[in-house]
Amino acid sequence: MPSLSSGMTDRPLKDILEWIERHELALPELQRPSVWDNGKIPDLLESIYNDFPFGIFLIWTPKPNERINCRPFKFETENGSKGYDTKRRATHYLIDGQQRLTAFFRTLRFKPALEPGLNIAFNLETEAFSLIDGRVKTALKHSEKSHWYKLVDLLRLDTPGKASLIEINSQLGKKHMEKVLEKLSRLRTDSINISFYNIQEKSYAEVCTIFERINLGERVTRSQIYLGKLSTKYQGVVSQVEQYLERMRVKHGCTFDLDVFLASLSVVATDYDGQKFEKYYLDDDEVGASDVKRDIRRTQGVMEKALSFVESHLYIDTMKYIRSERTLTCLSYLYHTAPRYMAKAINRRRIAYWTALALLTEYHADNTRFVQDLAIIRDSEGIQIAQSLLKKMKSYAGLVNPVKWKLSLLSDLEAPITRSNILFCFLYAMIRWNAAKSFFCKKPICAAKVANADDLDDVEVAEDDGATIHEHHVYPVSRLKQEAEEPDFDWITREWIYDLANFTFLMARDNQKLKDPEIDYLHRLPREMRRRHLISPRRYKRGDYEKFLRERRKLIRDGLTDFLAELKRRARLR
């Protein structure tokens, strides 16, 4: 790779992609992972096709003796490769432009006999770019009529191939086709000109500051910037934290993210919330690599104790259903600052009752309450912490009313209750509290592994590995959609089909085995099994969905009332 002068430089995209392949251009570990969804890529290609500007790139050339840990581009690992060397030394590092460069590589970098990493389709008539979904895939089978082609096939055309394409699509007119093919030539990697600014011999800390400032208006989270700053103190922190998050997400789902981890790290490292983490830690020159390593190790330890606590006392064994990272942060901080207090069973039972109320009322959605609770834990000196937290909670007039309001949601059918409601978390807790088992394999309901699903579409398609838990529609979705087409049941909307009361939890194998049976499959299940899943022993038939929802909601409400009463009884609070 040739040496690059400081300031603005232009190079064809072909050269830059070759730099990456030769490991001469890399990503510094302060970079976040590629976050573009594929839907943005057609827009980027369309900009180049129409000769629109698409921004400059920022490259950093460090001092010759400065060693920087790298992270792979998405396309370097998306085929499952685990062999990326994070300590590999590069000549230059990409600071800004990762998303665009990743999109270019995945769509425009291809070998003569190989497909690109991501195929894009192009319509010769409308000049539209598109991902290849089901509709476009069908259209590609009839290109002579639909005029949809794979972009890679169009870019590979030689002169005779272009002449043949013009003839096949003669109805579009020769002038139109020649114009389209001329514009498509702009998408060749030797035709796309990349403008980039090269920063020379700045320190890693200075580059981190530059990275933060150029991303202030972008969709980069504060946690990602904090992690980048931590990497200036401890190179290797990014890969260490990301490997930890990847391991934890197997059981706790995608909600166990960087925000969750850094929220706990901030209080463990500084005794304060994240708002003061930057001042008292990130910008403190006396904090070094050994301090960061120690605090990460401590944070991982107390977080795992907090999660184990929630599983043991509230029966919630996956963070997939816990909607408050702040409540989890409080528990982590408790284990960090008051381990002797948490070692006593009675104290854990009292904290469990407080945790249940905090989760149910979404108490820590208010940041002021969160900061106040951290202060109570910090200043309590390990004495009557639960009582102090509960006293503060009760000082807010709204404590009792939100509990009653949550229960009241289950008392009628005024509105659907979505899976994003905290009641869904407590439904899972109660089913596990009841020691419910999966319908056929008879395994206890537990989340050794979770399948991540969209909050609206319950897309549970993970392979049956004997460990994954699924959210199961008690009343089958396809049957309800059929009923919804009848005039008497037009109230059965999508929201009611996905109502809280229509869910229980099964192991993946059983959920896939059931598919979409008639609702009378329920009566073939043992009465005791249905009781533990909070399902009525009544025999339901087609047309009974409203009755089913009403009765299931009552059972959930009564179960939640008993669950909270049992937690309070165990806490032995006056």
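Which residue stands opposite Asn 123 in E8? Trp 148 does, and the views below show where that pair sits, along with some other spots worth a look.

**About the model.** What you see is a predicted model, so local features need pLDDT of at least 70, side-chain atom pairs count only at pLDDT 80 or more, and totals for chains, interfaces and linings use all residues. Residues are numbered from 1 along each chain as its sequence is written, and side-chain values use heavy atoms, with hydrogens and water left out.

**View 1. The whole protein comes with 27 helices and 12 strands.** Helices (H or I, at least four residues) and strands (E, at least two) are DSSP runs, numbered from the N terminus. Of the 574 residues, 51% count as buried. Buried means under 20% relative accessible area, exposed means over 50%, and partly exposed is in between, with a 1.4 Å probe and protein chains only. Then there are the contacts, meaning heavy atoms within 4.5 Å. Among those with a separation of 6 or more, 76% come from residues 24 or more positions apart.

**View 2. Three strands make an open sheet in the order E7-E6-E8.** The pairing here is antiparallel; two strands pair if DSSP finds at least two bridges between them. E7 (129–131) and E8 (148–150) are the edge strands, and each pairs on one side only. On average, neighbouring strands of this sheet are turned by 35° against each other, direction ignored. Helix H2 (residues 41–49) lies across E6 and E7, running at about 160° to E7. For angles like this one, axes are lines fitted to C-alpha atoms (for helices, over the stretch in contact), and the values run from 0 to 180 degrees between N-to-C directions.

**View 3. Asn 169 sits in the loop between helix H8 (159–168) and helix H9 (174–184).** This residue is buried, with a relative accessible area of 0%. Its side chain joins that of Tyr 149 in a polar contact of 3.0 Å. A polar contact is a pair of N or O atoms within 3.5 Å; within protein, one must be able to donate a hydrogen and the other to accept it, and residues adjacent in sequence count only if both atoms are side-chain atoms. Leaving aside residues up to four places away in sequence, Asn 169 touches Leu 124, Ser 143, Glu 144, His 147, Tyr 149 and Met 177.

**View 4. Six strands line up as E1-E9-E3-E5-E2-E4 in an open sheet with mixed pairing.** Strand E1 (7–12) and strand E4 (70–71) stand at the edges with a single partner strand each, so one side of each is left without a neighbour in the sheet. At one end, six bridges join E1 to E9 in an antiparallel run, with Thr 9 having Phe 196 as its bridge partner in E9. E3 and E9 run parallel, joined by five bridges, and Trp 60 stands opposite Ile 199 in E9. At the other end, E2 (residues 25–28) and E4 run antiparallel, joined by two bridges. Pro 28 has Cys 70 as its bridge partner in E4. Helix H1 (residues 13–21) packs on the sheet, touching E1, E2 and strand E9 (193–200), and its direction makes about 95° with that of E1.

**View 5. Zooming in on E5, four of its five residues are buried.** E5 runs parallel to E2, with two bridges joining them, and Leu 25 stands opposite His 92 in E5. With E3, the pairing is antiparallel over three bridges. Leu 58 has Asp 96 as its bridge partner in E5.

**View 6. Helix H11 (residues 222–233) is largely enclosed by the rest of the structure, because 10 of its 12 residues are buried.** Among the buried ones are Tyr 226, Leu 227 and Gly 228.

**View 7. Cys 441 is partly exposed, with a relative accessible area of 29%.** Its sulfur is 9.5 Å from the closest cysteine sulfur, in Cys 446, too far for a bond. A disulfide here is a pair of cysteine sulfur atoms within 2.5 Å, and by this rule the count comes to zero. Cys 254 also counts as partly exposed, at 49% relative accessibility.
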